[in-house]
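Please read them alongside the sequence and the coordinates.

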Amino acid sequence: MPPLARLIEEAEDALDRGDRVRALALADQLLSMAPGDPAVRKVRARILVGVDAGEEALEEARRAAELNPADAEAQMLVGVAAWRGGRLTLAQAAMERAIKLSG
């Protein structure tokens, strides 16, 4: 497994275990390694949403969606982050895009 993929898996595992500090540290490490990689942006958005990081989670989710507009999960992350931030119009639009993309 390539180092980037291994780190993504490790970050997701840390979040699943509830180790937020480790998940965030790994997400930041991933970002420094590959800032333009859509998978890195998506996993970082997922972690930020998971730790209720507010506006930062929304911005990261938006970056993930911009890098890969056809990714339903990235659109869903925008929707969840927007909903948690009280931006309901944006949340609804992103969720509708996610539904369309998911088929």
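1. Is E96 buried, partly exposed or exposed? With a relative accessible area of 39%, E96 is partly exposed, because buried is taken as under 20% relative accessible area, exposed as over 50% and partly exposed as in between, with a 1.4 Å probe and protein chains only. E96 is found in helix α6, which covers residues 88–102; helices are DSSP runs of H or I with at least four residues, strands are runs of E with at least two, and both are numbered from the N terminus. The C-alpha atoms of E96 and G36 are separated by 25 Å, at 60 residues apart along the chain.

2. A word on the basis of these values. The model is predicted, so that local features need pLDDT of at least 70 and side-chain atom pairs count only at pLDDT 80 or more, while totals for chains, interfaces and linings use all residues. Residues are numbered from 1 along each chain as its sequence is written, and side-chain values use heavy atoms, with hydrogens and water left out.

3. Helix α1 (residues 3–17) and α3 pack at an angle of about 10°, and their axes are 10 Å apart; here the axes are lines fitted to C-alpha atoms, for helices over the stretch in contact, and the angles run from 0 to 180 degrees between N-to-C directions. The two helices α1 and α3 are therefore roughly parallel to each other, since angles under 35 degrees count as roughly parallel, over 145 as roughly antiparallel, 65 to 115 as roughly perpendicular and the rest as oblique. On the α1 side the contact is made by L4, I8, A11, E12 and L15, and on the α3 side by A39, V40, V43, R46, I47 and G50, where contact means heavy atoms within 4.5 Å. The residues of this contact of α1 with α3 divide into eight nonpolar, one polar and two charged; in this scheme Ala, Val, Leu, Ile, Met, Phe, Trp, Tyr, Cys and Pro count as nonpolar, Asp, Glu, Lys and Arg as charged, and the others, Gly among them, as polar.

4. Helix α3 (residues 38–50) packs with helix α4 (residues 55–67) at an angle of about 155°, with their axes 8 Å apart, and α3 and α4 are therefore roughly antiparallel to each other. In the contact, residues of α3 including P38, R41 and L48 meet residues of α4, among them E56, R63 and L67. The residues of the contact of α3 with α4 divide into eight nonpolar, no polar and six charged.

5. For helix α5 (residues 72–84) and α6, the packing angle is about 160° and the axes are 7 Å apart, and α5 and α6 are therefore roughly antiparallel to each other. Among the residues that meet are A72, M76 and W83 in α5, and L88, M95 and L101 in α6. The residues of the contact of α5 with α6 divide into 13 nonpolar, three polar and one charged.

6. Which residues have the most contacts inside the largest nonpolar core? They are V49, L58 and V78, in a core of 17 residues; a nonpolar core is a set of buried Ala, Val, Leu, Ile, Met, Phe, Trp, Tyr and Cys residues joined through side-chain atoms within 4.5 Å. The elements that give two or more residues to this core are α3, α4, α5 and α6, and its largest share, six residues, comes from α5. A second, separate core of 12 residues includes I8, L30, A34 and I47. Leaving aside neighbours within four places in sequence, V78 is in contact with L58, A61, R62, A65, L90 and A94.

7. A74 is found in helix α5 and counts as buried, at 0% relative accessibility. Apart from neighbours within four places in sequence, A74 is in contact with K42, A61, A64 and A65. The C-alpha atoms of A74 and A45 are separated by 8.3 Å, at 29 residues apart along the chain.

8. Two loop residues deserve a look. D52 lies in the loop between α3 and α4, is exposed with a relative accessible area of 52%, and has a phi near 55°, a positive value in a residue other than glycine. P69 is placed in the loop between α4 and α5 and counts as exposed at 53% relative accessibility. Not counting residues up to four places away in sequence, P69 touches Q75 and L101.
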